[in-house]
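Q: I am new to this structure and would like to learn how to read it feature by feature. Could you take me through it slowly?

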Amino acid sequence: MPHLFAGSLFHRRLPVTAAIVCLCLFGLRIDRVAAGSLPQVELNANAAGPRAIENLTAQAISENYRHAWQNLSEALDSNSSHSLDLYFGGTARAQLGQALAEQERTGLRSRYLNQDHKLEAVFYAPEGDVMELHDTTQCEIQVLDGGKVIHDEQAVLHYVVLMTPAADRWVIRQLQAVHRF
Amino acid sequence: MAVICLAVIWPSNPCLAQTVELRVPTAVIAGSRATIATAGTGEATFYVIGPSHSVKRKVRLGQEIQLQPDEVRSAGRYLAILCLEVCQSADFYVTPGDAAGLSFLVHPSRVPVRQSESISGTVFPFDKFHNLLLAPVKVDFRLMAGDADLMSRSVTTQSGVAWFRTHSGKQAGSLQVVAVVKGLSVHRVVQQVASDPCDLRVRAQRTKKGISAETEPVRDCSGNPVPDGTIVSFSETDARGTSTVDAPIKQGVARAQMTASGPAVISAASGVVMGNELRLGAQP
């Protein structure tokens, strides 16, 4: 009887244990996905000029930039460009489209994980029709050939960014990595 | 696995022959050839991932790898990876070439004359591959109304941008706005229009139907004719109260017909400008 009782207890505890393990794994997975797909963006708008940046504009820039990078990382990971049209235009959109086509051609994929963007607005045009920002990004970059990771690094990258207002959002028109500002 | 580990932690291990080495250039101009040196023996897989281009090819170690101008057209970070049993990587940056195009934004397209700090222009210089030039570049701005120079200013770009802000001129008409970088010029046109009317003068006379009022030719304070279609409001005040007639300027003059038989005061206004007052006696 005791062993039956023990067995019964074990059987009653098994689903609970399995559920806890699953939850832990699921939690880790969520953490991983969240870290990979939701970039952190912090904007410093104090140094911008000649036009001052209004609070609502600063919020919109941060939010749109975050979505742009989220879409960009998803696009580079999946080699699918449809999500790029929302937050990229002009030269940036053309270059990224070409980059995806090249990745597809060579069988490569890139992952930008755990992104942390420190944005600094350095120029806001007198009429508010263009803004230049400097982005210092810390992230993990993985390059995959097929399913094999051929490169994995913790990188600090610097980007010069030009954004212009579109109908209901700010769009990245230039995204140019530089060695230093 | 152990062999790979030994190779990594003990450089003099004979297995070092299995490792690869690559040396990337320190500076590459967009659209020029680039050379990457490799060390080792055997055949490896070489990758380059750039802002708009990816390369994957087999290379023989110990030989130089040439990147063609088309493969490094976009300025930015390039990641070179060389894989044998393990992968080595190094990055390098491609910088923009000479200025080949200007993005020149000028505002507004129409501006009243004599407005303070009312015209602005912003220039971003780009190379022929649409890379933003971040090194300082001198931009010459010129504003010309007819043959007269209204402004001439040199501004050096900072972080890839140069801008100006200035007053509008005194005369209505086309204003040529020019930005020049190393012989490369871009033109924009701003239409300068008359400002608010200045010294609005009205005259009136009795007619059989009432009062006929008209302005003298309406001009701004610089003497430019105010555009046709600008509204002038005529007011007539008599014992019954005040009545107003809005009339557009036609060929420089606004006219209105008002019905009043008793003594009346006639006045006119356009925008924020008030004209003179006329007192007319009763109809005889």
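Q: Where does Arg173(A) lie?

A: In this predicted model, Arg173(A) is found in strand E5 of chain A.

Q: Is Arg173(A) buried or exposed, and why?

A: Burial is read here by counting neighbours, with 20 or more other C-beta atoms within 10 Å as the cut-off for a buried residue. Arg173(A) has 21 C-beta neighbours inside 10 Å, and therefore it counts as buried.

Q: Which residues does Arg173(A) touch, not counting residues up to four places away in sequence?

A: With those set aside, Arg173(A) touches Gly89(A), Gly90(A), Thr91(A) and Ala92(A), and also Leu162(A), Met163(A) and Thr164(A). Gly90(A) shows how sequence and space can be read side by side: Arg173(A) and Gly90(A) are separated by 83 residues in sequence, while their C-alpha atoms are 5.1 Å apart in space. For chain A as a whole, 58% of the contacts between residues at least 6 apart in sequence join residues at least 24 apart.

Q: How many helices and strands are there in chain A, and how do they run?

A: Chain A has three helices and five strands, and from the N terminus on its elements run α-β-α-α-β-β-β-β. Of the 181 residues in chain A, 35% are buried.

Q: How far does helix H3 of chain A reach, and which of its residues are buried?

A: Helix H3 of chain A, residues 90–106, has 17 residues and reaches 25 Å from its first C-alpha to its last, close to the expected 24 Å. Its buried residues are Thr91(A), Ala92(A), Gln95(A), Leu96(A), Ala99(A), Leu100(A), Glu102(A) and Gln103(A).

Q: Why do the buried residues of H3(A) line one face of the helix?

A: The general idea is that an α-helix has 3.6 residues a turn, so residues three or four places apart point the same way. In H3(A), seen down the axis, the buried residues fall within an arc of 165°, and so they line one face. What covers these residues includes helix H2, strand E2 and strand E5 of chain A, together with E5 of chain B. After H3(A) comes Gly107(A), with a positive phi near 75°.

Q: Which residues have the most contacts inside the largest nonpolar core?

A: In soluble globular proteins, nonpolar side chains tend to be buried together. Here the largest nonpolar core has 91 residues, and those with the most contacts inside it are Met163(A), Ile172(A) and Ala80(B). Leaving aside neighbours within four places in sequence, Ile172(A) is in contact with residues including Ala68(A), Tyr87(A), Phe88(A) and Met163(A).

Q: How many residues does each chain give to the contact between chain A and chain B?

A: The contact takes 28 residues from chain A and 30 residues from chain B. On the side of chain B that touches chain A, the largest share, five residues, comes from E7(B). The residues of that side divide into 14 nonpolar, 13 polar and three charged.

Conventions. Residues numbered from 1 in each chain as written. Chains lettered and ligands numbered in written order. Predicted model: local features only at pLDDT ≥ 70, side-chain atom pairs only at ≥ 80, totals over all residues. Core = buried A, V, L, I, M, F, W, Y, C linked by C-beta atoms within 7 Å. Buried ≥ 20, exposed ≤ 12 C-beta atoms within 10 Å, placed from the backbone. Contact = placed C-beta atoms within 7 Å. Helix = DSSP H or I, 4+ residues; strand = E, 2+ residues; numbered from the N terminus. Nonpolar A, V, L, I, M, F, W, Y, C, P; charged D, E, K, R; others polar. Expected span 1.5 Å × (residues − 1). Arc of directions from axis to C-beta.
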